[in-house]
Amino acid sequence: MSNYIDGFVFPIKKEHLNTYKEAAIQVAKIWKEYGALSYQEFSGDDMNLESVLAFPDIMNCAEDEVIVFGWVTYPSKDIRDIALKKSTKDQRILNLITPITEGPYMIFDPSRMAYGGFKPLINL
């Protein structure tokens, strides 16, 4: 079996990064309950490299936004698929995500997230 990852990238206002982080830590713990080997997220730091298209440009970021880039590692695609199915019904995740992605206090716009599952290509 080869590891499988879900990868994602999205912009968020810098002022909301800590609030998002608090919810993401709790979500990460739940994903690990469902079989994730690791859950990692990073905030953009060095985004202005020459000669390549930068994440802020791709994501159409405003000056007050930062990029979050992350991935969840699973032992296999099968375990990932089971985790995805369970997560959509997990009230704990919904309780954490709904307040920050909907309504007047929305700090994160899921329609601006790029997401996908990835199989191994190179593993050195």
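User: Helices (H or I, at least four residues) and strands (E, at least two) are DSSP runs, numbered from the N terminus. How many helices and how many strands does the chain have?

Analyst: This is a predicted model, in which local features need pLDDT of at least 70 and side-chain atom pairs count only at pLDDT 80 or more, while totals for chains, interfaces and linings use all residues. Residues are numbered from 1 along each chain as its sequence is written, and side-chain values use heavy atoms, with hydrogens and water left out. From the N terminus on, the elements run β-α-β-α-β-α-α-β. The chain therefore has, by the DSSP runs, four helices and four strands.

User: What is the radius of gyration of the chain?

Analyst: The radius is taken over C-alpha atoms, and the globule rule is 2.2 Å times the number of residues to the power 0.38. For 124 residues the rule gives 14 Å, and the chain comes close to that, so it is as compact as a globular protein of that length. The radius of gyration of the chain is 15 Å.

User: Which residue meets Arg80 in a salt bridge that links distant parts of the chain?

Analyst: A salt bridge is a side-chain nitrogen of Lys or Arg within 4 Å of a carboxyl oxygen of Asp or Glu. Arg80 lies in helix H3 (residues 77–87), and its partner, 74 residues apart, lies in strand E1 (residues 4–13). At 2.8 Å, N to O, the partner is Asp6.

User: Which residues are joined with Arg80 into one salt-bridge network?

Analyst: Arg80 also meets Asp81, at 3.0 Å, N to O. Asp81 in turn meets Lys77 at 3.1 Å, and these two both lie in helix H3, four residues apart, about one turn of the helix. Asp81 is partly exposed at 29% relative accessible area, as is Lys77 at 39%. Through shared partners, the residues joined with Arg80 are Asp6, Lys77 and Asp81.

User: How many salt bridges does the structure hold?

Analyst: Three of them have been described: Arg80 with Asp6, Asp81 with Lys77, and Arg80 with Asp81. For the structure, the total is seven.

User: Is Ser51, with its positive phi, buried or exposed?

Analyst: Phi of Ser51 is near 75°, although the residue is not glycine. Ser51 sits in the loop between strand E2 (38–43) and helix H2 (55–58). With a relative accessible area of 81%, Ser51 is exposed.

User: What is the phi of Asn60?

Analyst: Asn60 is placed in the loop between H2 and strand E3 (65–74). The residue is exposed, at 62% relative accessible area. Though not a glycine, Asn60 has a positive phi of about 55°.

User: How much space lies in the largest pocket?

Analyst: On a 1 Å grid over the protein atoms alone, a pocket is an open set of points where a 1.4 Å probe fits, with protein on both sides within 12 Å along at least five of seven lines; lining residues have an atom within 4 Å of a point. Grid points are joined across faces, edges and corners, and a volume is the space filled by probe spheres set on the points. Of the 23 lining residues, the closest to the centre are Val27, Trp31, Ile93, Ile97 and Met113. The space in the largest pocket is about 500 Å³.

Conventions:
Buried < 20%, exposed > 50% of the residue type's maximum accessible area, 1.4 Å probe, protein only.
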